[in-house]
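Subject: Model handover

Hi,

Here is the structure I said I would pass on. Please have it open while you read the notes below it.

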Amino acid sequence: MSTEKQDQNKSKLSRRDILAGLAALPVVGVIGYGLLRNKADAEKRNSSLLSDIKPEVQNGIPPLIIGDTLRVGIIGSGGRGGYLMKALGFVNPDRIDEYTEKGKTDKYWVQYLNDFREQEDLNVKITAVCDIFDKNAEKAIRAGANIHRTGKGSKMGDAPKRYATYKELLASPDVDAVIIATPDHWHVPVALEAARNGKHVYCEKPLSWSIAETYEIRKTVKESGIVFQLGHQGRQTESYNVARSLIKQDVIGKISLIEVCTNRNDPNGAWVYDIAPEANEKTIDWKQFIGQAPWHDFSLERFFRWRCWWDYSTGLSGDLFTHEYDALNQILDLGIPHSAMASGGIYFFKDGRTVPDVLNMAMEYPDRDLTLLYSATLASEKNRGKVIMGHDAYLELSDTLVINVDPQSTRYKQKLEQGIVEPFKPIFSYVPGQGAVDAVTSPTEKYFAGRGLLYTYRDGKAVDTTHLHLREWINCIRAGKGAQPSCNIDQAFEEAMTAHMGTISYKEGRRTYWDKEKEVIV
Amino acid sequence: MPYTQIQRLALVVLRITIGWHFLYEGGVKLLNPQWTAKSYLLDSGGFMKGIFEWIAGNQSVLAFTDSMNAWGLALIGLSLVVGLFTRYASLAGVFLLLLYYLSHPAFPGIEYLFPSDGSYFIINKTLVELFAMLVLFAFPTSHIFGLQRLLKSKKSYLV
């Protein structure tokens with residue numbers, strides 16, 4: 001049979017067969033060599049670089065302290081107040097239905113709602129609400145009653161009581177702690193009253209609107225013994241903590257310059273918020289809105305877009321620079337600068353606002369031998385990052401962290417020469433749980449996420465930093481015995497004074513100085 | 001119909017280069033105990049995103065997937081290079097590549113954290129490699145050039 005013959009022929013391995021059978025084996029050798037080289041290179045880099053760098057990466061979050069239900073009052077329940085309530089676990093049922101509806105066409109909202117429902121229960125009850133705009137107050141009451149985080153028509157809990165004034169709310173025995181999310185010019189008056197009534201305070205940033213009230217609130221908070229947390233949620237951003245530990249180990253060398261910026265380019269980011277159709281003189285307590293600000297006739301624009309006027313706002317310096325400043329103060333313990341010089345103008349949003357939309361500030365720290373530069377525009381989204389520049393390397397910071405080596409570095413000179421590190425190339429990067437960035441959609445949200453202000457990652461899971469910041473405050477309240485949160489009144493005082501130095505410099509067109517002994521701006 | 005010389009050469013080169021790619025990728029992962037596909041999986045897009053994210057979020061499933069992936073890559077690669085069981089290896093390779101594609105499909109409107117190395121619309125390099133793998137399955141060469149040739153001869157001799 002012919003096939004048998006063929007098999008017979010094949011049964012003997014010819015030299016040709018053996019050659020063709022084994023010819024590819026040397027390729028395995030080449031790949032093996034490549035693999036071993038790759039491993040050796042990686043080990044060389046790791047052992048020589050990471051051996052002296054020990055970043056402290058926080059492992060998870062501290063446990064929630066078990067305690068009595070904390071009864072919380074909300075003072076100011078507009079945009080930010082609503083967000084803070086969500087971070088506490090309370091959302092208006094209408095909003096829940098809205099998320100569900102949106103989720104039918106856009107999966108982002110399904111995830112958004114799931115994340116909210118899975119957010120840890122902080123054992124908090126909203127017992128009181130004060131907002132001078134009826135619609136906001138009603139929304140907050142409905143949110144406060146929504147204890148099961150469900151939509152309309154489901155079972156609700158007790159509705160919080162609405163108070164006409166913050167003073168009445170703060171006098172209530174049903175309130176243990178308050179969240180202040182009013183316009184800037186109301187932060188201190190409300191916080192002072194709260195401290196005097198022994199209510200714990202979570203106050204939105206910046207701490208104060210005027211310099212004088214900054215001293216008063218620090219003194220009163222300290223005397224009262226309440227737990228005070230300023231709303232810089234960036235304190236909870238993991239990469240900032242990692243940066244702090246790296247800089248402490250002198251990884252980037254002597255720091256001479258720090259550059260931070262704000263870059264926004266949408267009406268919302270420039271504080272041109274929507275005006276609610278229900279808003280009018282009957283639904284807004286205008287007199288109460290004015291407070292310590294100079295009198296102005298009723299204005300819907302001023303009410304909703306108050307950040308655009310010095311009368312109620314602290315401008316870019318107080319509103320946005322403080323985020324950057326507080327991050328750096330957390331990482332480097334900067335404190336109040338020796339001097340500040342600011343310039344800028346209203347260059348894009350010529351809508352009657354009095355606060356600048358472009359601001360540049362140089363703050364000097366001669367005792368630290370460094371300058372802090374801040375540059376902001378509300379009319380371009382070109383992100384210039386947050387960079388800490390050292391002699392040996394520079395550290396770029398957002399919710400991620402990258403350290404690049406300087407070619408002229410002294411510390412890494414030998415390693416540069418040996419080719420272990422390459423100039424301007426990263427030597428260390430920290431990326432907390434990459435994936436969930438996709439849960440961030442709008443330009444403003446992306447801006448915040450990029451700076452670690454909206455979401456931070458713990459064990460790879462997206463966690464709302466505002467939730468963590470509130471949680472830390474609540475833990476300190478429950479721990480008692482003088483427990484202090486990360487952005488306490490001393491940090492807040494430094495934040496406010498630094499921002500005021502910039503604002504005064506801009507307004508008066510001169511350099512301002514901080515007299516350390518007397519604690520005054522001159 | 002036997003292959004012509006040029007067909008044989010082209011198919012063998014294709015087999016060895018894809019094998020090289022797989023073996024090296026697998027080897028690098030096996031030699032680095034820290035390696036994990038977690039961030040890649042978390043960066044998934046497309047209609048199967050949820051499944052890949054679930055894998056990434058589940059420690060034991062992730063560890064299993066990581067080791068299957070690394071060993072799979074290395075063994076498929078080794079098989080293609082040395083020319084042994086290449087038809088099975090090609091099919092397994094198609095399966096792996098399909099998973100990579102489904103986790104990062106080149107559909108318009110999907111952006112990934114890891115930047116792409118080119119411009120793609122539906123077809124990307126993963127898919128091209130997948131179809132090349134299918135060619136290897138359809139046109140085997142290990143009996144001509146590879147360990148299979150020795151095995152086959154030996155087997156026939158025994159019979």
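The notes below cover the domains of chain A, a sheet in chain A and a helix pair in chain B.

One caution before the details: this is a predicted model.

Domains of chain A

Domain 1 covers 70-234. Domain 2 is made of 237-462 + 487-521. Taken over C-alpha atoms, the centres of the two domains of chain A are 24 Å apart.

Chain A has an open sheet of 10 strands with mixed pairing. The strand order is S14-S13-S12-S11-S7-S10-S9-S8-S17-S18. Strand S14 (426-430) and strand S18 (520-521) of chain A are the edges, and each pairs on one side only.

Look at strands S12 (393-397) and S13 (401-405) of chain A. They pair in the antiparallel sense over 5 bridges. A:Tyr394 stands opposite A:Asn404 in S13(A).

Helix H18 (489-508) of chain A packs on this sheet. H18(A) touches strands S8 (339-345), S9 (358-365), S17 (512-515) and S18 of chain A. The direction of H18(A) makes about 55 degrees with that of S8(A).

The helix pair in chain B

Now to chain B. Helix H5 (86-103) and helix H6 (125-138) of chain B pack with their axes 9 Å apart. The angle between H5(B) and H6(B) is about 165 degrees. H5(B) and H6(B) are therefore roughly antiparallel to each other. Their crossing is left-handed.

Which residues meet in this pair? From H5(B), they include B:Leu91, B:Val94, B:Leu97, B:Leu98 and B:Tyr101. From H6(B), they include B:Leu127, B:Leu130, B:Met133, B:Leu134 and B:Phe137. B:Arg87 in H5(B) and B:Glu129 in H6(B) are also among the residues in this contact. The contact of H5(B) with H6(B) divides into 12 nonpolar, 4 polar and 2 charged residues.

Best wishes

Key: Residues numbered from 1 in each chain as written. Chains lettered and ligands numbered in written order. Predicted model: local features only at pLDDT ≥ 70, side-chain atom pairs only at ≥ 80, totals over all residues. Domains from an automatic or database assignment. Axes fitted to C-alpha atoms, helices over the stretch in contact; angles between N-to-C directions. Helix = DSSP H or I, 4+ residues; strand = E, 2+ residues; numbered from the N terminus. Parallel < 35°, antiparallel > 145°, perpendicular 65-115°, else oblique. Left-handed = near helix turned anticlockwise from the far one by under 90°. Contact = placed C-beta atoms within 7 Å. Nonpolar A, V, L, I, M, F, W, Y, C, P; charged D, E, K, R; others polar. Pairing = 2+ DSSP bridges.
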